[in-house]
Amino acid sequence: MSLVVDILSAICLLTGSFLILSGVIGVIRFPDFYTRIHAAGITETLAASLILIGLMLIAGWGLVLFKLILILLFILFTSPTASHALGKAAWKSGLKPHGLVNKHDED
Amino acid sequence: MSMDAVDVAFTEAAVGAGISPLLMLATLAIVGRYQKTSATLPSPAAAFILVFITGSLLIVGTLDMPAFGAADAPAQLHVAPRYIHLSGEEIGIPNMVTSVLASYRAYDTLGEVVVIFTAGIGVLSLLGFSNSQNNAYFIDKIIAQDEHKILRIVAKILIPPILLFSLYVQFHGDFGPGGGFQAGVIFAAAIILYTLFFGLEVARKVINQTFIRVLASLGVLLYGSVGLVSLLSGKNYLDYHVFADDPQTAQHIGILVIELGVGITVACVMMLIFFSFIENIKQEEVR
């Protein structure tokens, strides 16, 4: 049983780490602001949750598990909100997504 | 964290995440986007020489210091052994940092609180007495023109736990990292979050400006009065043993009361500073 839990936790941790790596590459490589916050958003929600879940699986019942659940809840509340606020602020101040600008120029 | 200073790391995290970026943004909004060009720019060479001299003096100064973490450093030999070995019996609380901060070194902490209070007074006297009523209306217009529905709902969910957490930090300072300074900053951060999403007018109704000015000074007064009580009972200033017959209980009472004073002052001063910054953002400078 504990072997299964360990393997599950390892899968979660590895997937999370991979997502962080892909998020970093995305932030560097993507063409404009909106696609970049998409990459960053994946890093801070999905990757962080996967890593936390991976840690929860090996934490065992106790205070640590409870704290990890609290952290997960807070991340799930705040990270998407932060991405949303960033995107909205950029849109309000007139930043157009990458593709849109090009189309406009061709017209 | 790597230097085993969890309490300090906690304070830095709270201040760094909650207050200082906001104050920087507010300052930027107040001073405007571009630097005013002045005719008599000081020469960069002079500035460089000044910085170079100061920097080399600082480096020379560090040469006399003992190596980092050295066991024979004066800091490890003088009073630290007593704190480490006897604070369990003398104060009886698990968090040694709090017993040093609030009991052995209560004078220093009183000084720190007074410094924070003075900083608040300084900011108030520089920025606090402007025609803030018009600005409040204008700032609320900026906040209201984008309907931050999602942000408001998330803030509504998050603000009560933040306030609760600050109280936990306040009263848990005896047992783990925490105490008045951190709790005050976290509490103020929650109020600032509220102000940013719901507008200055509403926040003013929740947080009465005169009330927090009074409270800011009451915190320091509370701290100082603790010392005065022990002085009047015939002990030394800030000697907590007058509060109860059992020395450990007396220490606990003293620490709780002065941490409360610290928390109240820090929270109120942070809020005061934030409000006086945000009230100074003027219409022409934003547009």
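Analyst: In this predicted model, B:Arg105 has a relative accessible area of 34% and is therefore partly exposed, since the class lies between 20% and 50%. The partner of B:Arg105 in a salt bridge is B:Asp108, with the closest N and O atoms 3.2 Å apart. B:Asp108 is partly exposed as well, at 41% relative accessibility. The count of salt bridges over all chains is one.

Helix H7 of chain B covers residues 106-127. The helix has 22 residues, and the distance from its first C-alpha to its last is 31 Å, close to the 32 Å expected at 1.5 Å a residue. Which residues of H7(B) are buried? They are B:Ala106, B:Thr109, B:Leu110, B:Val113, B:Ile116, B:Gly120, B:Val123 and B:Leu124. Viewed down the axis of H7(B), these buried residues fall within an arc of 150°, so they line one face of the helix. An α-helix has 3.6 residues a turn, so residues three or four places apart point the same way.

The other side of H7(B) carries exposed residues, namely B:Tyr107, B:Val115, B:Ser125 and B:Leu126. As for the buried residues of H7(B), their cover includes four helices of chain B: helix H6 (96-104), helix H10 (180-198), helix H12 (209-232) and helix H13 (247-278).

Two of these covering elements lead on to another helix. Both H6 and H10 of chain B are also among the elements that cover the buried residues of H1(B), as is helix H2 (20-31). Helix H1 of chain B spans residues 6-18, which gives 13 residues. From first C-alpha to last, H1(B) reaches 18 Å, close to the 18 Å expected at 1.5 Å a residue. Buried in H1(B) are B:Asp7, B:Ala14 and B:Gly18. Because their directions from the axis of H1(B) fall within an arc of 30°, these buried residues line one face of the helix. The face turned away from that buried side holds B:Val8, B:Glu12 and B:Ala17, which are exposed.

Chain B contains 14 helices and zero strands, and its pattern along the sequence is α-α-α-α-α-α-α-α-α-α-α-α-α-α. Of the 287 residues in chain B, 38% are buried. Among contacts in chain B with a separation of 6 or more, 74% are between residues 24 or more positions apart. The accessible surface of chain B is about 16700 Å², and carbon and sulfur atoms account for 70% of that area.

H1(A) contributes the most to the patch, with five residues.

Methods:
Residues numbered from 1 in each chain as written. Chains lettered and ligands numbered in written order. Predicted model: local features only at pLDDT ≥ 70, side-chain atom pairs only at ≥ 80, totals over all residues. Heavy atoms only, no water. Salt bridge = Lys/Arg side-chain N within 4 Å of Asp/Glu carboxyl O. Buried < 20%, exposed > 50% of the residue type's maximum accessible area, 1.4 Å probe, protein only. Helix = DSSP H or I, 4+ residues; strand = E, 2+ residues; numbered from the N terminus. Contact = heavy atoms within 4.5 Å. Areas by Shrake-Rupley, 256 points an atom, 1.4 Å probe, with all protein chains shown as cover. Expected span 1.5 Å × (residues − 1). Arc of directions from axis to C-beta.
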